[in-house]
Amino acid sequence: MATQKPSIPKGTRDFSPQEMVRRNYIFDTIRSVYKKYGYLPIETPAMENTETLMGKYGEEGDRLIFRILNSANYLSDFKNDEEIIAAKNAGFGAFTNKISEKALRYDLTVPFARYVVMNQNEITFPFKRYQIQPVWRADRPQKGRYREFYQCDADVIGSNSLLNEVELVQIIDEVFAVLKVSVEIKINNRKILAGIAEYVNEKDRFMDIVIAIDKYEKIGDKIYSELKEKGFSDEVVSKLQKFMSLAVEVQELYKEGKGKSALIKLMDVFESVPIGKKGVEEIYQIFSYLSQIYIDKDPKEIPNLILDMSLARGLNYYTGAIFEVKALAGSLKSSICGGGRYDDLTGIFGLPNLSGVGISFGADRIYDVLNELNLYPEEVSASTKLLFVTFSEADQEYCLSILQQVRKAGIAAELYPDAVKMQKQMKYADAKGIPFVAIVGENERKENVVMLKNMKTGEQEKVAITGLIEKIA
RNA sequence: GUGGAUGUAGCUCAGUUGGUUAGAGCAUCAGAUUGUGGUUCUGAGGGUCGCCGGUUCGAGCCCGGUCUUCCACCCCA
């Protein structure tokens with residue numbers, strides 16, 4: 001039989017033991033913070049019905065959803081070739097929907113909304129849940145961009161209070177504090193963006209305006225010429241220009257700690273644009289809650305939350321606050337955490353007037369950042385603490401009960417399963433980074449001890465079985 | 001989805017205008033060392049030069065296609 005060269009699909013990865021230990025460190029950190037704030041875990045299937053996902057993420061999002069071909073004969077719905085051709089001609093989307101009824105989940109928020117609607121009678125609101133599972137996107141892979149990656153979501157649904165936004169900011173801050181990654185948390189509000197579109201009298205072309213604003217940080221004043229190319233009038237562009245310079249001014253004031261006066265200035269501009277004004281008020285409220293929480297605190301302990309009115313990213317379903325988190329050190333420029341408030345995600349599934357807000361940590365990107373900056377605590381790499389090495393089967397048998405006692409004391413220990421050359425056994429301990437080795441031969445057996453060696457210092461001493469556990473614990 | 005770069009041993013990379021049997025370092029394995037790893041010395045294994053086709057007496061090298069990885073756009077964790 002011809003052998004085939006093994007490979008894995010584009011944009012996916014295997015994780016070796018060392019990587020898994022490190023990834024679990026990230027998951028465990030996030031999970032423990034979520035638990036501390038009272039969030040409960042759920043899981044949902046890897047695949048959803050296509051119609052559950054389609055249309056929730058915008059046009060671009062739909063394109064990036066991984067479709068699952070119907071099992072068995074996926075053309076069985078068609079009676080003959082003519083019907084197939086007719087379906088194809090009716091449009092690619094229609095044809096795909098006919099042969100693919102399921103799709104891999106694109107994020108955790110939409111499946112969560114679906115879950116909430118389906119389980120609304122069992123759920124006590126406000127419902128705080130966390131969910132750590134992989135998602136899939138048929139994107140073109142790049143650095144920090146994968147086709148399969150883990151999201152770690154926390155959402156509160158069934159509460160309009162801005163205290164939830166504040167709590168999520170605290171969670172973000174706490175997680176990255178534990179992971180020792182310094183970050184900036186950018187916040188904006190979709191209502192402000194909507195307000196801008198209204199302010200320049202281009203309510204109907206909201207998305208074009210938003211995309212331009214989002215690009216401001218990257219290409220600066222070029223956005224104005226791009227907008228003109230797209231057919232926006234000089235009047236609109238100059239009005240936007242005026243607003244953007246105000247946005248920059250506001251951000252400067254914010255950095256100087258004069259956020260309050262900056263926001264009041266903004267509210268003036270939005271005097272005749274209620275939705276924009278509402279957005280600014282929400283931001284104002286979030287900041288004042290935070291100052292309440294961190295009153296009398298060292299500035300270093302206060303979350304690095306920055307208002308950035310050019311922040312427009314995030315999925316289509318966001319309606320209120322939006323968040324984006326970036327690492328301040330390292331080469332990864334893309335966001336490692338994002339989120340926002342969505343007012344009517346459950347409405348599509350038949351449960352209107354239920355507002356939710358959530359965040360999502362991108363575990364894979366956080367892993368890349370931690371790796372580059374080498375931010376893992378030392379304990380993370382160590383697994384086994386003690387290895388028994390022996391010379392004979394009799395030695396091995398002698399070790400068995402000791403091994404059992406050590407494990408019972410909660411110490412990770414193993415016995416090298418073959419009585420091979422000691423050099424080989426020692427190399428194994430070294431390669432695995434095991435800090436202690438118990439050498440057992442005829443002498444040790446006679447004296448009812450083990451020769452305990454500290455692999456780091458090279459020191460070794462005879463230790464009685466009773467004292468072994470204390471010695472290495 | 002659009003544009004660009006890349007691919008040689010497990011890893012990082014050499015490889016001349018196309019010319020015998022494709023190399024190095026690290027890693028692996030064995031030995032030096034029958035009770036001691038991380039240092040040292042000796043030796044060994046390991047390759048369809050991403051894959052398919054073409055040009056040529058002859059291709060790792062030239063041409064076409066394809067896949068992978070990476071970069072920019074788009075979008076996003």
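**Briefing: a protein surface around RNA strand B**

An N or O atom in the side chain of lysine 421 is 2.9 Å from a phosphate oxygen of RNA strand B, a polar contact being a pair of N or O atoms within 3.5 Å. This is a predicted model, in which local features need pLDDT of at least 70 and side-chain atom pairs count only at pLDDT 80 or more, while totals for chains, interfaces and linings use all residues. Residues are numbered from 1 along each chain as its sequence is written, and side-chain values use heavy atoms, with hydrogens and water left out.

**Contacts with RNA strand B**

- A polar side-chain atom of lysine 218 lies 3.3 Å from a phosphate oxygen of the RNA strand B.
- A polar backbone atom of glycine 11 is 3.0 Å from a phosphate oxygen of RNA strand B.
- Helix α16 gives six residues, the largest share of the surface near RNA strand B; a residue is near if one of its heavy atoms lies within 4 Å.

**The five-stranded sheet**

- An open sheet with mixed pairing has the strand order β13-β12-β14-β15-β16; strands (E, at least two residues) and helices (H or I, at least four) are DSSP runs, numbered from the N terminus.
- β13 (413-415) and β16 (460-464) stand at the edges with a single partner strand each, so one side of each is left without a neighbour in the sheet; two strands pair if DSSP finds at least two bridges between them.
- Strand β15 (residues 449-454) runs antiparallel to β16, joined by five bridges.
- Valine 450 stands opposite valine 463 in β16.

How values were computed: Chains are lettered from A and ligands numbered from 1 in the order in which they are written. A polar contact is a pair of N or O atoms within 3.5 Å; within protein, one must be able to donate a hydrogen and the other to accept it, and residues adjacent in sequence count only if both atoms are side-chain atoms.
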